Amino acid sequence: MVCPRCEQGEIAATAIRCNGAGLFVCEECEATWIVESEIGARPFVDLGTHMRSLGLAPTWDELDARAP
Ligand SMILES: [Zn+2]
């Protein structure tokens, strides 16, 4: 799926490593959605802002690739 914000990056299905919560993150601009069905339909959150709000470092190291 191509990111509806930047129209360049792919949306990656990931999970937060420490709690397994799913996230959908653009690999290009890091626009983030929590729910897959809301991608493009609801405003994105910034990956760094979301991670900091959870007390985590705002890096991809905190994320795990999810099985498709
Ligand atoms: Zn993007």
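**View 1. Contacts across the chain in a predicted model.** Among contacts between residues at least 6 apart in sequence, 36% join residues at least 24 apart. The model is predicted. Burial covers part of the chain: 34% of its 68 residues count as buried.

**View 2. Overall dimensions of the chain.** The C-alpha trace spans about 30 × 25 × 20 Å along its principal axes. A compact globule with 68 residues would have a radius of gyration near 11 Å, and the chain agrees, because its own value is 11 Å.

**View 3. Order of the elements.** Read from the N terminus, the elements run β-β-β-β-α-β.

**View 4. The open sheet.** Five strands form the sheet in the order β4-β3-β2-β1-β5. The pairing is antiparallel. The edges are β4 (45-46) and β5 (63-65). Each has a single partner strand, so one side of each is left without a neighbour in the sheet. Strands of a sheet pair through backbone hydrogen bonds.

**View 5. Close-up of β3 and β4.** Strand β3 covers residues 31-33. Two bridges join β3 to β4, and the two strands run antiparallel. Thr 32 stands opposite Val 45 in β4.

**View 6. Surface and charge.** The accessible surface of the chain comes to about 4200 Å². Carbon and sulfur atoms account for 48% of that surface. The chain carries 5 positive and 11 negative side chains. The centres of the two sets lie 6 Å apart.

Notes. Residues are numbered from 1 along each chain as its sequence is written. This is a predicted model: local features need pLDDT of at least 70, side-chain atom pairs count only at pLDDT 80 or more; totals for chains, interfaces and linings use all residues. Side-chain values use heavy atoms; hydrogens and water are left out. Helices (H or I, at least four residues) and strands (E, at least two) are DSSP runs, numbered from the N terminus. The radius of gyration is taken over C-alpha atoms; the globule rule is 2.2 Å times the number of residues to the power 0.38. Buried means under 20% relative accessible area, exposed over 50%, partly exposed in between (1.4 Å probe, protein chains only). Contact means heavy atoms within 4.5 Å. Accessible areas come from the Shrake-Rupley method with a 1.4 Å probe; for residues, only the protein chains shown count as cover. Lys and Arg count as positive and Asp and Glu as negative; His and the chain ends are not counted. The place of a charge is taken as NZ of Lys, CZ of Arg, CG of Asp or CD of Glu. Two strands pair if DSSP finds at least two bridges between them.
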